[in-house]
Amino acid sequence: MTVRPDDPAPNATALNDAAPAWNDPAPNDPAPNPHATEAQVEAARKDTKLAQVLYHDWEAETYDDKWSISYDQRCIDYARGRFDGAVGPAPLPYGRALELGCGTGFFLLNLMQGGIAKSGSVTDLSPGMVKVALRNAQHLGLDVDGRVADAETIPYEDNTFDLVVGHAVLHHIPDVELSLKECLRVLKPGGRFVFAGEPTTVGNFYARWLGRITWKATTTVTKLPTLAGWRRPQQELDESSRAAALEAVVDLHTFDPSELEALSRSAGAVEVKATTEEFAAALWGWPVRTFEAAVPEEKLGMRYRLTMYRAWLRLSWLDENILRRIVPRQFFYNAMITGVKPGATTE
Ligand SMILES: C[S@@+](CC[C@H](N)C(=O)[O-])C[C@H]1O[C@@H](n2cnc3c(N)ncnc32)[C@H](O)[C@@H]1O
């Protein structure tokens, strides 16, 4: 799970509404399976990669709505802000970019719209996610192809890409160092990788506790007859609790920023740098997001959402301009890591 600016902008583009033809994933790739059998779900409890595929195939078509992902200026700015925060000033655009664990394409498609890369390849373990990412790319008119792929064995030739990116994916990969080695293999010499949206160990600790306490408080208080209108149907609450249980199977790591740097160097990268962000914004954001998940959506109007979004922006400003100088970097919630493949520069 990761933190994103969680409110739809007034002009958010609803890409899932219409569904004209789109590029399918490569012909030999597996097809999406949005309806897992009970036996598959049981097997997935002991198999993290199967759990990834089942869970993300199941939620692929609703993922953008669930996480308020859009492909308008709000998310372009967010993706670009993460990239710039990790890399700093760099000659742009990159030529060909690869995304690992693309989900619906949130990071790479918005980075491409923000001028970071000219063409791209989206990959994910979940066929359902690759299908939606390609559909989103087609709607946006972007030059993107896609493959169903495990980030530990990337199905592309050596020295293919100028840039490899990922958002909220490293913490799902069993062998992170192996995956970083694979990134360096498919990067051209001088090419760069950028991963954002990874939970820090300290941040994950307080986020989980704040989430648990808020969930318990909200679902208890809304049992009061006077607040019955604020209670989601029990079936939906149970479903959310089951999804949270599956998160324990798919969320494999949290990171100390120094550990991310050490892993990247050990994989062979140079110019390695970890950055962290969101402290006050995360301390405030996790209870807010959990509260929103625990009450009926229609109770929270656009005015509420805009107010929350503005508060998040203000707290992010506080984090960047003041708290960053006082609070140790490992206390911030979101970690980003970048590194370069040794050799001639492609920038
Ligand atoms: C939390 S989602 C993030 C999706 C997207 N990057 C975003 O930020 O919206 C993690 C994604 O990583 C994918 N994933 C998990 N393990 C993977 C692996 N070993 N190789 C490739 N993708 C993986 C999942 O299927 C899922 O789509």
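Biologist: Where is Pro93 in this predicted model?

Modeller: Pro93 is in the loop between H4 and strand S1 (94–100).

Biologist: What makes the peptide bond from Leu92 to Pro93 cis?

Modeller: Its omega is near 0 degrees, and the bond from Leu92 to Pro93 is cis on that basis. Most peptide bonds are trans.

Biologist: H4 also packs against H5. Why are H4 and H5 called roughly perpendicular?

Modeller: The axes of H4 (residues 73–87) and H5 (residues 106–113) cross at roughly 95 degrees. The range for roughly perpendicular is 65 to 115 degrees, and H4 and H5 are therefore placed in that class. Their axes come within 8 Å.

Biologist: Which residues make the contact of H4 with H5?

Modeller: H4 contributes Cys75, Ile76, Ala79, Arg80 and Phe83, while H5 contributes Phe106, Phe107, Asn110, Leu111 and Gln113. By class, the contact has seven nonpolar residues, two polar and one charged.

Biologist: Which members of the largest nonpolar core touch the most other members?

Modeller: Leu108, Leu111 and Val164 do, in a core of 64 residues. Setting aside neighbours within four places in sequence, Leu108 is in contact with Ala97, Glu99, Cys102, Gly120, Val122 and Val165. A second, separate core has nine residues, including Met308, Trp312, Phe332 and Tyr333. In soluble globular proteins, nonpolar side chains tend to be buried together.

Biologist: How do you know that Gly339 is buried?

Modeller: The threshold is 20 or more other C-beta atoms within 10 Å. Gly339 has 28 C-beta neighbours inside 10 Å, so it counts as buried. Gly339 is in strand S7 (residues 334–340).

Biologist: What is Gly339 in contact with, leaving aside its neighbours within four places in sequence?

Modeller: The partners of Gly339 are Phe193, Ser264, Ala269, Val270, Glu271 and Val272. Gly190 is 149 residues from Gly339 along the chain, and their C-alpha atoms are separated by 9.6 Å.

Biologist: What makes Ser68 partly exposed?

Modeller: Partly exposed lies between the limit of 12 or fewer for exposed and that of 20 or more for buried. Ser68 has 18 other C-beta atoms within 10 Å, so it is partly exposed. Ser68 lies in the loop between helix H3 (63–66) and H4, and its phi is near 50 degrees, a positive value in a residue other than glycine. Most residues other than glycine have a negative phi.

Biologist: Is Ala168 buried or exposed?

Modeller: Ala168 has 22 other C-beta atoms within 10 Å, so it is buried. Its phi is positive, about 60 degrees, although Ala168 is not a glycine. Ala168 is found in the loop between strand S4 (161–167) and helix H7 (176–186).

Biologist: How many residues surround the ligand, and which are the closest?

Modeller: The shell has 21 residues, and the closest are His56, Gly101, Gly103, Ala151 and His167. The elements that give two or more residues to this shell are helix H2 (48–59) and H5. Its residues divide into ten nonpolar, eight polar and three charged.

Biologist: How many helices and strands does the protein chain have?

Modeller: The protein chain has twelve helices and seven strands. Of its 347 residues, 42% are buried. Among contacts between residues at least 6 apart in sequence, 82% join residues at least 24 apart.

How values were computed. Residues are numbered from 1 along each chain as its sequence is written. This is a predicted model: local features need pLDDT of at least 70, side-chain atom pairs count only at pLDDT 80 or more; totals for chains, interfaces and linings use all residues. Axes are lines fitted to C-alpha atoms, for helices over the stretch in contact, and angles run from 0 to 180 degrees between N-to-C directions. Helices (H or I, at least four residues) and strands (E, at least two) are DSSP runs, numbered from the N terminus. Angles under 35 degrees count as roughly parallel, over 145 as roughly antiparallel, 65 to 115 as roughly perpendicular and the rest as oblique. Two residues are in contact if their C-beta atoms, placed from the backbone, lie within 7 Å. Ala, Val, Leu, Ile, Met, Phe, Trp, Tyr, Cys and Pro count as nonpolar, Asp, Glu, Lys and Arg as charged, and the others, Gly among them, as polar. A nonpolar core is a set of buried Ala, Val, Leu, Ile, Met, Phe, Trp, Tyr and Cys residues joined through C-beta atoms within 7 Å. A residue is near a molecule or strand if its C-beta atom, placed from the backbone, lies within 6 Å of it.
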